[in-house]
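Have a look at the fold first, then read on.

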Amino acid sequence: MELHVFDTIQEASQLAKDVFVKAINENPGCLLGLATGSTPEVLYGLLIEAYKNGEVSFKDVRTVNLDEYVGLGPEHNQSYRYFMNSNLFDHIDIDKNNTNVPDGIGGPEQNAKKYDALLESLGQPDIQLLGIGGNGHIAFNEPGSSFDSTTSIIDLTEETIKANSRFFENIDDVPKKAVSMGIKSILKAKKILLLAFGESKAQAVKDMFELPVTENMPATALKNHPDVMVIVDKAAASLL
Ligand code: PGA
C-alpha cells in the first residue's frame, strides 16, 4: 500500500482526480468502481470541473458502485443512486445506462445475485475508489465479513448507523441493511484508491496499516492487493 499524505482534503482529492483523469484518457471506455459518502465529494467536484474544462470526457466510461441501502429507491434523496446522480452523473457527459448501482428496492437477495452477475459480465474495474468506515469497513463490509464474500446483504452495525444518521432527519430513518459488493469483488480491481479524511478516520487508517490481515478489520484485506494508493489528509494520518 502506497501512502500519500496531504495538508488538505482539496490537495488529496486533486491527486485522486489526476489518477482518474489519466486512466480515462488512456482508456476512454474504462470501468470505474465508485463510492458514496462525504469522502469522495470534493473529488467528484474536481472531476466535474475537469469535464467542464475539456480535460476529460466520460462519454464511453462505465461505472459500478459499491453499495446501496436496502429499501431506498433511486428517487430517495439518501439513496446512493440519488447521490451519484446529483454529485456526479448529472453534471458530466456520461451515459447513465453505463452507470450501475445495486438496486435497493425489490428482493434483497435477488438484487445481490443480479449485481454479482452484472459485475461478472463487466469484468475487471480499472480503478476502484474506496472510503473507510471509522470501524474499518470498506463498502458496507463490516468487521467480521468474510474476505471471500461477493455481493451480499449486510446488517449495518450500530456504529455505522450512528455515523450515517448525520444524513437523515432521524436516526430511526437510517436503513438497517445494505446490499454491498463483497471484499473478494473489491479486490478484483486493477488499482484501488482509498481516501480517508479527518480525525475520525485516524484510528482506522492506523489499524489498516499496522494490524495483520484480519477479517475483524476489513480494510486490512487491501494488503493482499498489489496496487493500492491510500490518499489521506494530515488529520487521518495523525496516528501513524
Ligand atoms: P464517509 O463514509 O465517506 O461518509 O466518511 C465512508 C465509509 O463509511 O466507508
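The sections below go through a sheet, a helix, some single residues and the salt bridges of this predicted model.

## A three-stranded sheet

Let's start with an open sheet of three strands, in the order E4-E8-E7 and with antiparallel pairing. Strand E4 (67-69) and strand E7 (152-155) are the edge strands, each of them pairing on one side only. From one strand to the next, the twist averages 25 degrees.

To find the sheet on your screen, look for strand E8 (residues 177-180), which pairs with E4 in the antiparallel sense over three bridges. A handy landmark here is Asp 67, which stands opposite Ser 180 in E8.

## Helix H3 and its surroundings

Which residues of helix H3 (residues 80-87) are buried? They are Tyr 80, Arg 81, Phe 83, Met 84 and Asn 85. These buried residues pack against several elements: the strands E2 (31-34), E3 (62-65), E4 and E5 (99-100), together with the helices H2 (41-52) and H5 (158-164).

Leaving aside residues up to four places away in sequence, Tyr 82 touches Pro 74, Glu 75, His 76 and Asn 77. Gln 10 sits 72 residues from Tyr 82 along the chain, and their C-alpha atoms are separated by 24 Å.

On the surface, Leu 3, Val 5 and Leu 240 form a nonpolar patch, with about 230 Å² of accessible area together. Leu 3 has its place in strand E1 (residues 2-6). With a relative accessible area of 37%, Leu 3 is partly exposed.

Ala 139 is worth a look for its backbone: phi is positive, at about 50 degrees, although this residue is not a glycine. You will find Ala 139 in the loop between strand E6 (127-130) and E7. Is Ala 139 buried or exposed? The relative accessible area of Ala 139 is 9%, so this residue is buried.

## Salt bridges

Side chains of opposite charge can pair when their charged atoms come close. How many salt bridges does the model have? The count comes to twelve. One of the pairs is Lys 96 with Asp 90, whose side chains meet at 2.6 Å, N to O. Lys 96 is partly exposed at 37% relative accessibility, and Asp 90 is partly exposed too, with a relative accessible area of 44%.

Another salt bridge joins the side chains of Lys 188 and Glu 120 (3.9 Å, N to O). Lys 188 lies in the loop between helix H6 (183-186) and strand E9 (191-196), and Glu 120 in helix H4 (residues 108-122), so this pair ties together parts that are 68 residues apart in sequence. Lys 188 is partly exposed, at 46% relative accessible area, whereas Glu 120 counts as exposed, at 58%.

Lys 191 forms a salt bridge with Asp 227, and their closest N and O atoms are 3.2 Å apart. This pair links distant parts of the chain, with Lys 191 in strand E9 and Asp 227 in the loop between helix H7 (202-210) and strand E10 (228-233), 36 residues apart. Asp 227 is partly exposed, with a relative accessible area of 27%. Finally, Lys 17, Asp 18 and Glu 55 are linked in a network of salt bridges.

Key:
Residues are numbered from 1 along each chain as its sequence is written. This is a predicted model: local features need pLDDT of at least 70, side-chain atom pairs count only at pLDDT 80 or more; totals for chains, interfaces and linings use all residues. Side-chain values use heavy atoms; hydrogens and water are left out. Two strands pair if DSSP finds at least two bridges between them. Helices (H or I, at least four residues) and strands (E, at least two) are DSSP runs, numbered from the N terminus. Axes are lines fitted to C-alpha atoms, for helices over the stretch in contact, and angles run from 0 to 180 degrees between N-to-C directions. Patches are made of residues with over 30% relative accessible area and no salt bridge: like charges are joined within 9 Å, nonpolar side chains (Val, Leu, Ile, Met, Phe, Trp, Tyr) within 5 Å. Accessible areas come from the Shrake-Rupley method with a 1.4 Å probe; for residues, only the protein chains shown count as cover. A salt bridge is a side-chain nitrogen of Lys or Arg within 4 Å of a carboxyl oxygen of Asp or Glu. Buried means under 20% relative accessible area, exposed over 50%, partly exposed in between (1.4 Å probe, protein chains only). Contact means heavy atoms within 4.5 Å.
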